[in-house]
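Work through the two exercises below using the structure shown. Each task is followed by a stepwise solution.

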Number of protein chains: 6
Amino acid sequence: MQLALSTWPEVERYLQRSTAIIIPIGSTEQHGPNGLIGTDSICPTTIAAGIAEKEDVLIAPTISYGMSQHHMGFAGSVTLRPSTLIQLIIDIVGSLEKHGFTHLYFLNGHGGNIAPVTSAFSEIYADFTNDGKQAPRCRLANWWRDAAIAKLAKALYGDAEGHHATVSEVALSYYAHPEAVKQAAMNPAVAATGEFYDAADFRRKFPDGRIGSSPQLATVADGERFYQLAVETLREDFLTFIKS
Amino acid sequence: MQLALSTWPEVERYLQRSTAIIIPIGSTEQHGPNGLIGTDSICPTTIAAGIAEKEDVLIAPTISYGMSQHHMGFAGSVTLRPSTLIQLIIDIVGSLEKHGFTHLYFLNGHGGNIAPVTSAFSEIYADFTNDGKQAPRCRLANWWRDAAIAKLAKALYGDAEGHHATVSEVALSYYAHPEAVKQAAMNPAVAATGEFYDAADFRRKFPDGRIGSSPQLATVADGERFYQLAVETLREDFLTFIKS
Amino acid sequence: MQLALSTWPEVERYLQRSTAIIIPIGSTEQHGPNGLIGTDSICPTTIAAGIAEKEDVLIAPTISYGMSQHHMGFAGSVTLRPSTLIQLIIDIVGSLEKHGFTHLYFLNGHGGNIAPVTSAFSEIYADFTNDGKQAPRCRLANWWRDAAIAKLAKALYGDAEGHHATVSEVALSYYAHPEAVKQAAMNPAVAATGEFYDAADFRRKFPDGRIGSSPQLATVADGERFYQLAVETLREDFLTFIKS
Amino acid sequence: MQLALSTWPEVERYLQRSTAIIIPIGSTEQHGPNGLIGTDSICPTTIAAGIAEKEDVLIAPTISYGMSQHHMGFAGSVTLRPSTLIQLIIDIVGSLEKHGFTHLYFLNGHGGNIAPVTSAFSEIYADFTNDGKQAPRCRLANWWRDAAIAKLAKALYGDAEGHHATVSEVALSYYAHPEAVKQAAMNPAVAATGEFYDAADFRRKFPDGRIGSSPQLATVADGERFYQLAVETLREDFLTFIKS
Amino acid sequence: MQLALSTWPEVERYLQRSTAIIIPIGSTEQHGPNGLIGTDSICPTTIAAGIAEKEDVLIAPTISYGMSQHHMGFAGSVTLRPSTLIQLIIDIVGSLEKHGFTHLYFLNGHGGNIAPVTSAFSEIYADFTNDGKQAPRCRLANWWRDAAIAKLAKALYGDAEGHHATVSEVALSYYAHPEAVKQAAMNPAVAATGEFYDAADFRRKFPDGRIGSSPQLATVADGERFYQLAVETLREDFLTFIKS
Amino acid sequence: MQLALSTWPEVERYLQRSTAIIIPIGSTEQHGPNGLIGTDSICPTTIAAGIAEKEDVLIAPTISYGMSQHHMGFAGSVTLRPSTLIQLIIDIVGSLEKHGFTHLYFLNGHGGNIAPVTSAFSEIYADFTNDGKQAPRCRLANWWRDAAIAKLAKALYGDAEGHHATVSEVALSYYAHPEAVKQAAMNPAVAATGEFYDAADFRRKFPDGRIGSSPQLATVADGERFYQLAVETLREDFLTFIKS
């Protein structure tokens, strides 16, 4: 059940059945030579839709812009400052809580969001505590960190899965948007890996945007496998969460 | 050309051809008994996609959450504080400017966004001026206020077009999502109109969320007319803008 | 009754009779070759004083600095960032509400204030709603947009009334401060009109600060006519507001 | 020369002669049973006008709202949060600096403004330093703390001058606005004195708003003496400042 | 009783006996050729520890970073923006209040902190008042401004005590850290004095960081005298405060 | 070399030799029945001092207050809001960078700081990038997550090491402050473990403040082992960092 495609009376009725909601959150940032700029938003959006096919759960519109400061060396990347993303999360959570939502499950597609979103949760909990009110429960679920997902990626690609513009996320985005599959020569086949600090440093060390990955291995078929697995495993995580 | 479905090298090439971008912006808020909560995001997203079919223009991911404080009395509405939305716009504009975008065309679907987005533009212009830099040009285009659109709505529905949950926007959203067309009894047929101040006052005066409208008149066929007209008229507005 | 010239026991007694207050708000910005930098503050201040001669209403000190970013290319203009003006309005409204004021009528002289002040109202309504409290009613009344005022200006000056440094506002400021009437040659007689974006663009397009106007037509006598009409028409608007 | 009554070409010419400006700053807060709520704004406004009669100096519009949190227990008091006042000062200084003003003399009428305005100066100096630019010089001149003023007050009223709603400031405001002289019984004749912390504590300890003063002694004639002295002594302070 | 060396059950028991706490606050900034960068933190930390030897009072960890913008021309100085320090104080006070602390005694070692910390207190009082709650009492005690301390400094050093990098504070820091006593030639023996505005101006006028002082006179023995006196006199001030 | 015990000329000389600095950062929060509230600050402070005995490295004053929202259910815990901590880090980094520091090594003792400090780094990198300047390199080193440390803790305590109020951190704090070793009965011997969300939830699930640990096992002798190992291993990490 998509919030964007529902009416308010439908939401009102949903709240009689459930006070949980899934909010996909991603980013708008480079994902290497053949990865889509929307990869991190497409993946959780797609997984959430898959969960909604199996469970009676409301899915909020995807938060498509995230904290991507370190990708700003590549055309098309857009970043929110951490403090902006924190405020955004605070406002969305605050709004949903007013309608009676008690369990907010942020299905996340981007590592750079973890620090600001986690910070936002702390601010939210502090605010509610200060006002003597029960805070809604918030959870940030990072789909690619799920053990089963990581295991599948390892099995399929070994180290070539990589750390940014990974094969698995590119594959999943291709499954969601087969019309947007791209071809690009990559050299070396497996990108370099290592630490970085700011956007200039990132670009210097990872000149085509990949970290340790071979996203040219990504296929729609593999993407479907990640999709099926992610829907299953994150659905379970979500069900566990709403019981807490 | 959708930014989310492009790679960074594709965007780099686009910037050789054009430094303009369209950013759809909407809201997540009630639109009466049969209007979709995503109406204000769906409309500009759809129009932008239509423009992109005719012009070589890049479309950014839609900003799906807007300033909807006065709709908070209805389940499912989500609002950003004006100050949050201002920061969000500042960050998105700042990011795009860094890549060389000079003309940012915000295609807006929601009246409540006008004040904060306009405020954001002033902050952006001030910031760039203070730093002795040329600010990117920003324009907020409110599709429903276009003269041709308003004329068509008047011709089709007269006063029953209304002011919130209007027939035209509901129709356009139905055209975009025919799977989500809803039926709902409405009484009175044409909703009351008037001024309001806060969310409680809004709910009191407009108990089903409509202001002055009869969205039960909305059809997919009418939606297509609004779509065709909006694509044409806003495309022209966009082309005029990028020549400035 | 001027708040600045009252004592607190007098205000306490006033609050027994009325919980409404008028807060004039303007700007400090260029108004062309012969218009006063204080025009936008002088006009609402003067009109408010006129209303107070006819009604038992409290007038707060004028907010003399507004959002004037686009005028910063001209010496003497001062601008608040939109976010600063938002905070200023929030604090003033919050203070007045604590004393029991329920109807806050901002009598505005400057178009650039509309977006931030409207944004501030939304933040205020959100804050009160979040705290489970009844928000004070706020209204932003833009004197020059009043239909009767616009009609008189049209009748007197036709298109030469213009859009910035208009004849009507300069005339009204001259009526209020006849000692400050200025003479200045203007070429062309009617200034150019058009859209602009930032301060540099404004200065480029409108090199003497006027937009579409001929403020050399402004006279004290005309100013008195605008004054009399504005007092009458805004007084009525205010009386309607406090009945809501 | 009043900025509000000048045109931008006049300011441009002034800047050829001088890059100094006086900005009166006060508050809107209770001043005891017979003191005006605008006392702290009226005094520096009046003194500044007096200086401008003797020197070719530009006077900005008065900042009429200040930091008055501790007076909020009395009807009609309005307070800005310290952080709001800080931003307000930052914006005004930033605007004036852009036009070439180098010496900004804030003529202050209210003790509660000292901490936030001083904080604002530090933020301004930090900002300019960070940007590698020369900051404008800012000075906060508290008229009532001038040694000569304090001496005169002591000579006229001894300890009955007091600490809030002092005889001297009420007298000066009466000189400026003889039409607003008020009569009020006060008991005890000399108000209690002591420390306080928040607004409730202030009201508890100083139930009529005075601290240690007998403002019933204030006369227009005394007000004129304070006015003459303040114009002289602050004019000298200003002249010393602009030579730095 | 040091908070950092206590357990939470110990604090819980302390709160049965007392709801007062001392929070030392200083800075990290240059103190001339032989003064320690930590001088302003070391002094109140040491005095607070001395008070805790005589009274059953809880001492919070020292706030070691303060508002030192004007010292930024000298290596090793660190400054918080006033607005950051304000937020820091707000958060610390808010946290302590939640546990039931009612009297918060900030023992301050740095003049630059006065404006922001005082501003923070106003924001705190405003927040609590707005929420209809009793604010905790906050006091900022500036140890070097104590009359007895100033008298001793005057007796020992006359005018050579100075205004920054004073003999007394350097001596007290030496008493606390005899292992860090430094020798440095100073020329002139007594530093110049005067007003300054920003960091560059400070460095220009006071090239070795001292204002009006001769810190080469500082000895551990003198430091002990200041220590003993400060413990005594500030302990009394604290005891008076907690009775309010 | 402690910054607090140095003079500015000493820092100036240090900067000729090195542009790296270590900034210990901890928290002020409950650590179970026998753990010190200052544990998270004491550990990195002690380790940093140990590194400074072996390397010529400057150590900044410890940031003693961190983000501890979830511990607010226990007396004596103090928390900064994430946004406050972000600003604090931004200001400290900005100050140090101005003096020429290029490598800032935050030696962290508290997990709750990771999200806000990491967010701060992103804001800092964004700011410098926006200004076209090279950002200083920042690293957050979490001593307890070091592989060798974790291995030793596992070897000594197995699962009883736990997740909050761990045996290793309590032991290290005891080594640093043997005068503050505490005894407390704990039941059960090994605390429960699990997820939590806000402060009330934390207190409910972990009523004595421990998560999964048996800090009654902590001894000064073990603390010395952790100290020796941490000095060695973090010193190496620091040396690697400053070569980047």
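**Exercise 1.** Determine which hand the crossing of H4(D) and H4(E) has, and how the two helices are oriented to each other.

Solution. 
1. In this predicted model, the crossing of H4(D) and H4(E) is left-handed.
2. The axes of H4(D) and helix H4 of chain E, residues 114–130, come within 8 Å. They cross at roughly 130 degrees.
3. An angle over 145 degrees would count as roughly antiparallel, and 65 to 115 as roughly perpendicular.
4. On the chain D side, Ala115(D), Pro116(D), Thr118(D) and Ser119(D) take part in the contact. Their partners in H4(E) are Ala115(E), Pro116(E), Thr118(E) and Ser119(E).
5. Sorted by class, this contact holds four nonpolar residues, four polar residues and no charged ones.

**Exercise 2.** Give the strand order of the sheet in chain D, and state where H4(D) packs on it.

Solution. 
1. The sheet is open and has four strands, ordered S2-S1-S3-S4 in chain D, with parallel pairing.
2. Strand S2 (58–59) and strand S4 (137–142) of chain D are the edges, since each pairs on one side only.
3. Strand S3 (residues 103–108) of chain D runs parallel to S4(D), and six bridges join them. Within S4(D), Ala141(D) stands opposite Leu107(D).
4. Helix H4 (residues 114–130) of chain D packs on the sheet and touches strand S1 (20–25), S3 and S4 of chain D. The direction of H4(D) makes about 170 degrees with that of S4(D).

How values were computed. Residues are numbered from 1 along each chain as its sequence is written. Chains are lettered from A and ligands numbered from 1 in the order in which they are written. This is a predicted model: local features need pLDDT of at least 70, side-chain atom pairs count only at pLDDT 80 or more; totals for chains, interfaces and linings use all residues. Side-chain values use heavy atoms; hydrogens and water are left out. Two strands pair if DSSP finds at least two bridges between them. Contact means heavy atoms within 4.5 Å. Axes are lines fitted to C-alpha atoms, for helices over the stretch in contact, and angles run from 0 to 180 degrees between N-to-C directions. Angles under 35 degrees count as roughly parallel, over 145 as roughly antiparallel, 65 to 115 as roughly perpendicular and the rest as oblique. A crossing is left-handed if the near helix is turned anticlockwise from the far one by less than a right angle, and right-handed if clockwise. Ala, Val, Leu, Ile, Met, Phe, Trp, Tyr, Cys and Pro count as nonpolar, Asp, Glu, Lys and Arg as charged, and the others, Gly among them, as polar.
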